[in-house]
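Reader: Please walk me through the labels used for this model. I want each one set against its cut-off.

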Amino acid sequence: MPAQTWVTLIVGVLAVVGVVLTVRQRTVADKRAQAWQRITWCLERTTSADPAEVELGWDIYTAVTDSPLITTTEQDVLVAVADRSARRALAEPDQTEDTDNQNEQKDPR
């Protein structure tokens, strides 16, 4: 085979490898973007005023954050969000009624 044939073959193989790597990188990037959209949806639920939506958001939180597509930095961000939310929930007093004064009679004076 002449040298020009070898050069053409090598260039063709490199082009195919380049296309495969580009497609793979694009696929991973798209999957990461979709994973982050799911996490964003989940976090929006956890900050809702509706307790049912908050519970749904936290139930799904673990499933979406266990994705292998999430980077270490993104995991650190999600842990910080969960920690802050937990501290806020622990700091808020329970919304209960004060029933201590209901059985007392009014002062007849």
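Author: Here are some helix and residue labels, with their criteria. This is a predicted model, where local features need pLDDT of at least 70, side-chain atom pairs count only at pLDDT 80 or more, and totals for chains, interfaces and linings use all residues. Residues are numbered from 1 along each chain as its sequence is written, and side-chain values use heavy atoms, leaving out hydrogens and water.

Reader: Why are helix 1 and helix 2 called roughly antiparallel?

Author: Their axes cross at roughly 150 degrees and come within 7 Å. Angles over 145 degrees count as roughly antiparallel. Helix 1 and helix 2 are therefore given that label.

Reader: Which residues of helix 1 meet helix 2?

Author: Arg38, Ile39, Trp41, Cys42, Leu43, Arg45 and Thr46 do. Among their partners in helix 2 are Trp58 and Tyr61. Contact means heavy atoms within 4.5 Å.

Reader: What makes glutamate 74 buried?

Author: Its relative accessibility is 19%. Buried means under 20% relative accessible area (1.4 Å probe, protein chains only). So glutamate 74 counts as buried. Glutamate 74 lies in helix 3.

Reader: What joins the side chains of glutamate 74 and arginine 32?

Author: A polar contact of 3.0 Å. The term needs a pair of N or O atoms within 3.5 Å; within protein, one must be able to donate a hydrogen and the other to accept it.

Reader: Why does threonine 65 count as buried?

Author: Threonine 65 has 13% relative accessibility, so the buried label applies. Its place is in helix 2. The side chain of threonine 65 reaches the backbone oxygen of threonine 62 at 3.3 Å.

Conventions
Axes fitted to C-alpha atoms, helices over the stretch in contact; angles between N-to-C directions. Helix = DSSP H or I, 4+ residues; strand = E, 2+ residues; numbered from the N terminus. Parallel < 35°, antiparallel > 145°, perpendicular 65-115°, else oblique. Buried < 20%, exposed > 50% of the residue type's maximum accessible area, 1.4 Å probe, protein only.
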